[in-house]
Amino acid sequence: MYKIQNQLDTLLNIVPLEKLYLQLDKSDYLLGDTIWYKAYVMDGTFSTPSQLSGILYIELSDNQGNIVKRARQMLFAGSIYGDFYLDPTTLAPGQFTLRAYTRWLQNFGKEYIFEQHITISGDFRQEWTVDLAPHTIDDSSGRHAIHMQMKLRNINTKPFQTKPVVVKIQEKGKNLFREKIVVDTSGILSLHFNLPKKQNLYRAEVMLFEEDILKAQFALSEGMPEKQYDVQFLPESGHWLANASNTLGIKAIDSQGKGVAARGIILNSANERIATFSTKHKGMGRVYLPPLPVDHYRARVDFADGHQHVYELPPPIVNGVILQHGATSSNRDSIHLKMVSSEEFLSQNGSQLLIGQVRGIMCYAAVVKTINTTFQSSIPRAYFPEGIIHFSLTASDGSILAERMVYNSKPKRPITAIIQTHRPTYNLRDSVALSVSVKDSSGKGVVGNFSMAITDNSQYKINKWNQNIWSSYYLGTELRGAIEDPGYYFSKKEEVAEALDNLLLTQGWVRYDQTLLEKKASFAYAPEPSFKISGTVRNAFGKAIEKSHLVLLSTGKVNLVVDTLTDENGRFVFEDFPPFDTVGFVIQARNKRGKSFNIGIDLDTDAAPPKWSPSEVAEPSHSWFVNLDTNLQQRIIDQRAYQRNLRTLLHQADPNTIMLEEVTITEKKIIKGSKNLNGPGEADQLLGEEDMVTAGSKSLLSVLEEKIKGFRVGFYPRRNGRPEFMVNDKKARLIFDGIDLEFFYDPETAVSQNDHLLFMKSYLEHYAGEDVLGVEIMYNPKYNSAYNTRFLSAQELMNISPVIGTDPVYIEITTRGGSGPFMRKTPGVVHFRPMPFSWPKEFYRPRYTTDNKQLAIEDLRSTIHWQPMMITDEDGKATISFYTSDRPGTYTIRMEGVDNDGNLITTQQELTIDDKTAKK
């Protein structure tokens with residue numbers, strides 16, 4: 001017992017865990033919206049603000065896993081707030097994943113980070129909506145005979161005009177079917193077509209054109225009936241025991257991983273019915289099995305749409321022990337556990353140890369001595385705090401024999417919040433003041449850190465079972481996979497106790513695994529309490545240099561000069577930096593004699609984003625405009641109007657103008673010291689000093705591959721050519737500080753057809769991004785003609801033709817040394833531009849006074865107010881103020897957070913707005 005307790009205590013001390021939660025103003029968005037978030041980083045055991053990490057990373061990824069937004073932020077007392085603007089000019093609608101993590105949490109895998117799937121709808125360029133009926137598919141003729149029916153509507157609710165519509169069914173640009181149909185004002189479009197039997201219907205897309213303009217595009221599968229289901233049968237103790245009563249958890253899901261209703265029967269090898277079952281909340285349930293012999297068992301499962309599938313059950317074990325819990329016990333003060341063992345196990349084993357731990361703390365332990373195959377125990381719930389209790393039955397050598405998870409719910413929340421308005425009623429564009437009072441169970445006010453979102457119910461319909469800080473901390477971070485409607489499990493519904501136990505049966509796992517102690521030695525990431533720059537100084541032979549003197553200078557707005565010495569291993573660290581947004585650093589190292597000859601600096605890598613596997617990205621969502629909900633349609637119309645009005649308010653634009661993609665005009669980049677024959681900055685594409693410093697120690701070749709559109713290795717000429725560096729279809733020619741690299745290449749010495757490519761590659765790999773001030777690409781005749789005249793011979797000029805694209809593309813490289821391709825890297829110097837820190841922005845809120853209440857611009861905000869930092873005083877009080885919009889109806893107020901003792905709170909209530917005085 002003491003050995004296990006010591007192991008758990010050591011685990012908490014050496015491998016402490018964090019839990020992370022983000023409150024968002026909404027859970028789904030439109031293009032043009034802003035995602036407002038408040039992050040809470042908490043201790044994994046006590047829910048107090050984390051003392052481990054001081055930096056947080058937040059990412060927004062599309063359904064291909066591409067990161068479209070990323071922020072690094074400094075935490076203050078375990079929390080920070082921020083935003084991501086969903087720019088309609090750069091993003092497309094779809095399913096996105098919002099992730100947040102610390103460097104320390106990256107050691108433990110995906111289950112330990114915060115993750116939330118977000119739907120983004122409402123492309124401003126989308127004009128049509130499609131009401132799509134389910135497809136009728138007949139495969140009996142040896143081909144897919146598909147009948148489609150849809151109704152086309154204008155998203156702005158205007159009448160649909162009679163017009164010809166071209167329908168194409170495509171896969172990766174290849175036409176599978178094409179038909180032109182004249183659609184009348186009813187918008188009804190019906191068609192029947194055949195596709196080969198070998199055609200994968202899930203890869204095909206439907207495309208609707210009007211006068212060669214694509215008006216709508218969606219997956220053919222959106223109208224197909226669901227045929228792909230999966231059902232898992234999960235024994236209560238990890239395995240089920242032959243000749244004993246058993247409980248198996250059930251989880252039925254569709255192809256998107258969503259729970260579905262299912263019912264079925266359990267059959268043995270003789271096809272005899274053993275038991276029946278049906279799932280309940282979100283496709284989860286359980287089946288009770290009587291004592292059964294070893295046999296082959298399977299389940300025949302029926303789904304709501306009429307499909308039926310057969311699934312194999314895991315085989316039972318003959319010798320062992322299981323741990324069972326009565327989820328619907330009438331005694332709510334105690335937890336009832338039953339241990340059932342085989343006769344053989346009973347004869348071979350004496351006593352076992354039953355332990356119960358919550359978030360890594362052992363709260364209960366008892367020696368179990370059994371003389372019968374069945375043993376029951378009743379344990380007071382008061383022994384345990386709120387949360388999931390992980391019960392383990394272990395052998396005398398510490399090996400785990402059986403496990404069971406049980407949720408312990410306390411009758412009262414430790415703190416409560418009361419939100420009061422300063423008036424009973426409010427009108428449009430009215431000033432609202434909310435008084436917030438947070439108290440503990442004794443009625444005493446508490447100091448805490450909270451956040452509040454207020455949204456308009458007419459535009460955004462809140463799912464009351466969405467994730468909140470309470471469900472995230474006590475459930476989401478303790479269970480495998482995504483939890484559908486996590487808030488449901490903390491409601492007061494009678495069936496919740498069994499539904500919550502079904503969830504633990506199907507998605508439970510061991511979070512506080514003692515093997516983490518063994519894995520710590522291989523952890524890739526140390527805790528990051530603050531930003532630091534570290535690395536190693538070595539000589540030309542790779543040997544670490546002790547007591548090397550380093551000086552760090554900042555470039556940009558921040559003026560900073562610091563120095564340090566390397567330790568006996570050549571290691572150095574610069575830390576205690578103030579937060580910065582955009583800054584670069586230059587680090588210079590010298591040896592003991594003050595010389596930088598034959599010295600190199602190897603910087604530790606900055607915070608690169610994790611690589612998520614395809615299984616970890618958001619599932620592709622249905623096209624938002626297909627079977628568009630009327631509330632969402634109105635929200636999109638309002639959003640368009642609100643964005644137009646906001647532009648008028650902030651930029652004095654004409655409110656009647658159509659919102660176009662914003663074009664930002666910036667000053668042309670100039671590369672200092674450039675030998676560009678057209679003049680500095682006169683190029684088709686340019687990489688400036690900022691781009692090169694950001695690249696750091698990456699080779700120049702890697703930079704060109706990443707940054708120059710069309711840069712690649714190809715064959716030139718196309719037929720019977722040799723491999724060359726190219727930009728699109730033009731052969732590349734490298735110019736270093738105005739010196740043509742070809743001058744130094746002797747084709748007579750070539751030993752293979754790769755010789756010229758390897759010659760150029762050696763130079764591009766020799767230089768790092770930090771060795772270069774800039775790169776200019778001269779591709780079109782406007783810019784490359786001057787280079788042709790300077791560097792090509794008369795014969796070469798005769799053999800090229802800009803018309804057919806046989807002229808070269810010139811890559812002018814300006815090095816820091818400025819001496820052409822002879823330059824070597826500056827000894828003992830590195831240039832480094834880290835990922836900047838993001839600063840929180842203030843939520844825009846209008847302030848209506850007597851003077852501006854008559855503005856004709858309609859206020860159609862969906863998020864009425866966002867208060868990310870709401871700190872209560874010693875009496876537990878805080879005051880929030882905002883103005884209502886031009887929409888009467890109901891607002892929802894959602895408040896979440898944590899007090900200084902780690903007590904969590906989440907509360908929700910409504911506020912009614914009357915339509916009495918709009919714009920007097």
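The lining of the second largest cavity splits by class into 5 nonpolar, 5 polar and no charged residues, where Asp, Glu, Lys and Arg count as charged, Ala, Val, Leu, Ile, Met, Phe, Trp, Tyr, Cys and Pro as nonpolar, and the others, Gly among them, as polar. This is a predicted model, so local features need pLDDT of at least 70 and side-chain atom pairs 80 or more, while totals for chains, interfaces and linings use all residues. Numbering runs from 1 along each chain as its sequence is written, and side-chain values use heavy atoms, with hydrogens and water left out.

Who sits around that cavity? Val321, Met339, Val340, Ser341, Phe345, Gln352, Thr370, Asn372, Thr373 and Leu393 line it, meaning they have an atom within 4 Å of a point on a 1 Å grid where a 1.4 Å probe fits but cannot get out. Strand 25 (residues 334-341) gives the largest share of this lining, 3 residues; strands are DSSP runs of E, at least two residues, numbered from the N terminus.

Now hop over to glutamine 324, which is found in strand 24 (residues 321-325). Glutamine 324 is buried, at 12% relative accessible area, with buried meaning under 20% (1.4 Å probe, protein chains only). What does glutamine 324 touch, leaving out residues up to four places away in sequence? Glu236, Ser245, Asn246, Thr247, His336, Leu337, Lys338 and Val340 are its partners, with contact meaning heavy atoms within 4.5 Å. A polar atom of the glutamine 324 side chain lies 2.8 Å from the backbone oxygen of serine 245.

Methods
Helices (H or I, at least four residues) and strands (E, at least two) are DSSP runs, numbered from the N terminus. Buried means under 20% relative accessible area, exposed over 50%, partly exposed in between (1.4 Å probe, protein chains only). A polar contact is a pair of N or O atoms within 3.5 Å; within protein, one must be able to donate a hydrogen and the other to accept it, and residues adjacent in sequence count only if both atoms are side-chain atoms. On a 1 Å grid over the protein atoms alone, a cavity is a set of points where a 1.4 Å probe fits but cannot get out, and a pocket is an open set with protein on both sides within 12 Å along at least five of seven lines; lining residues have an atom within 4 Å of a point.
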